[in-house]
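Hello,

Here is the structure I promised to hand over. Please open it first, then read my notes below.

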Amino acid sequence: MPDVAAVSESAAMPARSAAPIIRVDGITLRFGGVTALADVSFEIGASEIHAIIGPNGAGKSCTLNCLNGFNLPQQGRLFLREQEITGFAPHRIARLGVGRTFQGLQLFAGLSVVDNLLTGRHLHMKTGALEGFIYRGWAHAEELRERRRVEEIIDFLEIKNIRHKLVGSLSYGLRKRVDLGRALAMDPKVLLMDEPMAGMNLEEKEDIVRFVIDIREALDIPIVIVEHDMHVVMDIADRITVLDWGHVIARGNPQAIKSDPTVIKAYLGAEVRR
Amino acid sequence: MTLPGGVHAETYAQDRALIRTPWQWLWFAAFVAVLLLLPFLRPGGAVGIATVIGITLIAVLGLQLTSGCAGQINMGQSAFMGVGAYAAGALAVHLHWSFLMTIPIGGISAAVFGAVFGLAALRIKGFYLALTTIAAQYIFTFAMLKLPKEWFGQSEGLRMDPAVLGSFAFDTDNRIYYLVLAFAALMTYGAWGLMRSRTGRAFIAVRDNDNAAEVIGINVFYYKTLAFFIGAFYAGVAGALWAYYVRYVQADQFTLWLSVWYVGMLIVGGMGSILGAIVGTVVIRLLQELITVVGPQITDLLPTLGGQFVFAAMNMLLGGLIIVFVIFEPRGLVHRWNIVKESYRIWPFPH
Ligand SMILES: Nc1ncnc2c1ncn2[C@@H]1O[C@H](COP(=O)(O)OP(=O)(O)OP(=O)(O)O)[C@@H](O)[C@H]1O
Ligand SMILES: [Mg+2]
């Protein structure tokens, strides 16, 4: 996907190996008596595909929720580049360039595919209520400009023929694509994906894998991906963090994780050793 | 939104246009012509009815933006209308300001009052939000009856002179009709613009999924407040026009029942669409007019029933109609019409 703005942005960033883009520093998150996350720390480097894995209820979604401000950890701190973002409201974190897709379906059912993606451009648009009311010149020009931008994403995700459909009428697989499109429309500098392939058939999964790899290539951004399908994870992840009962029990590259005895014991079992 | 058969948007601009086919233009032109010529075509009663419909439409459009589009229940639209009427009335009566000033200020006053309830909408939803907005009704009535008599006239209300522009006074039914028509056209156009631009999408995003809205950077708190602000602004403009129409403002004119009727109009027309607000307002207002015509006739025919009973019964029928819509066609007449149109277009090849 050609994206001049995002590429030049990343060119201005320090060299690849330098400071991490995301730093999670010892976060603990409790819901009443339940400890969802216990002293979780990890770092995410520039343009890295980082998988977070773990059994159901391990705290994967909670980790993402802390990163984009839905959950406020009782302890620990979160950083985006040098900036601390602990306690920021989600829309503020979005403004800093954190895009996110959801576990399950979280689209705007009353909007068409195009309009769902255009909501993703919200932060890049300026038309306020009064200009919208008047809807002359400026507001109209902005609509057209952003529409062109959104059409690039529609091309990339191969959803041209459904662009005017209400998302409520689409198949699950297509809706997940629209979800991804909406996050991409933000021109994110980091992309968080919560189980983007859950409930998909093999073909649909392959499409998503291809998109994830292409996004990283084109935008040169780090992608944090929560995923249960171990084959996919081992294929695309540069590094993996393994959670179990809210604890980080292992981290490393796919090779190391595959052979890590704690991981095998806690989670992977015989399946991955094959 | 589906395109009429055979028409494919050449450009994105066309894609976003409201009127696309020659036929649509023709209908639109005919509709505008009828509105403009109404006082000549049907002088007398029809003009008065159309004026009230125009004023009601502005209030219902506002409610559509707050409730239908942004998903924030509002049972206080009539009170917001009252705030606009009193604000415009007081400025006109005491300071002799032009309606060109008092109507927008009436709108802003109502908007500020309404936005307070938008603040509440951050914490509460649904039923409890409905209750809170009902409180607006009581606050409004209480304040208007208790504030100093020099301001709002307490129980006597405010008597107004007609709106004047230079030496031209809007003092006949026909003249006020054109004034209301101009405002109704402007506010409808504005609502359409809002809904197809960034703000409208943000409203729908907040309505459909506020978590996902936050994640793409939409400040949900701001947009909920804005939805109340804009919706109440519409109500305030409607109220100010009402003040210039009846030339008398009193708290009793703005009841909770009116707010309930407005919600009913949205339900019948269709939640979330501007056209739905128009259709719902026109249909329900005309039915209400019908009741005032048919009611006395029934009473004449069957005097034993008594006028009170006939009116109550017919209003219950109308209320029942709304309940039927809630149950069988919750998406309203406009949605039903789209389905009919769609099946007609692909006939004889159904899915
Ligand atoms: N809002 C909440 N209130 C109470 N408990 C919660 C809340 N959100 C999450 N939890 C609990 O926190 C723990 C971690 O949940 P989380 O959703 O992060 O799991 P997960 O790793 O994403 O699991 P899955 O693979 O099923 O999605 C679970 O025990 C869950 O029940
Ligand atoms: Mg989860």
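A:Ser61 is partly exposed, with a relative accessible area of 22%. Please keep in mind that this is a predicted model.

How much of helix 2 of chain A is buried? It is mostly covered, with 7 of its 8 residues buried. Those are A:Lys60, A:Cys62, A:Thr63, A:Leu64, A:Asn65, A:Cys66 and A:Leu67. Just after the helix, A:Gly69 takes a positive phi of about 85°.

Now to chain B. Helix 9 (residues 198–208) and helix 11 (residues 220–246) of chain B have axes that come within 10 Å. They cross at roughly 110°, so helix 9 and helix 11 of chain B are roughly perpendicular to each other. The crossing is left-handed. From helix 9 of chain B, the contact uses B:Arg198, B:Thr199, B:Ala202, B:Phe203 and B:Val206. Helix 11 of chain B brings B:Val220, B:Tyr223, B:Lys224, B:Leu226, B:Ala227 and B:Ile230. By type, the contact residues are 8 nonpolar, 1 polar and 2 charged.

Helix 11 of chain B also holds B:Trp242. Beyond its neighbours within four places in sequence, B:Trp242 is in contact with B:Ile55, B:Met81, B:Arg247, B:Gln253 and B:Phe254. B:Trp242 and B:Val52 are 190 residues apart in sequence. In space, their C-alpha atoms are 8.1 Å apart.

One more residue to look at is B:Thr66, in helix 3 (residues 45–69) of chain B. Is it buried or exposed? B:Thr66 is buried, with a relative accessible area of 0%. Leaving out residues up to four places away in sequence, B:Thr66 touches B:Gly71, B:Gln72, B:Asn74, B:Ala227, B:Phe228 and B:Gly231. Among these, B:Ala227 also belongs to the contact of helix 11 with helix 9 of chain B.

Best wishes

Note on methods:
Residues numbered from 1 in each chain as written. Chains lettered and ligands numbered in written order. Predicted model: local features only at pLDDT ≥ 70, side-chain atom pairs only at ≥ 80, totals over all residues. Heavy atoms only, no water. Axes fitted to C-alpha atoms, helices over the stretch in contact; angles between N-to-C directions. Helix = DSSP H or I, 4+ residues; strand = E, 2+ residues; numbered from the N terminus. Parallel < 35°, antiparallel > 145°, perpendicular 65-115°, else oblique. Left-handed = near helix turned anticlockwise from the far one by under 90°. Contact = heavy atoms within 4.5 Å. Nonpolar A, V, L, I, M, F, W, Y, C, P; charged D, E, K, R; others polar. Buried < 20%, exposed > 50% of the residue type's maximum accessible area, 1.4 Å probe, protein only.
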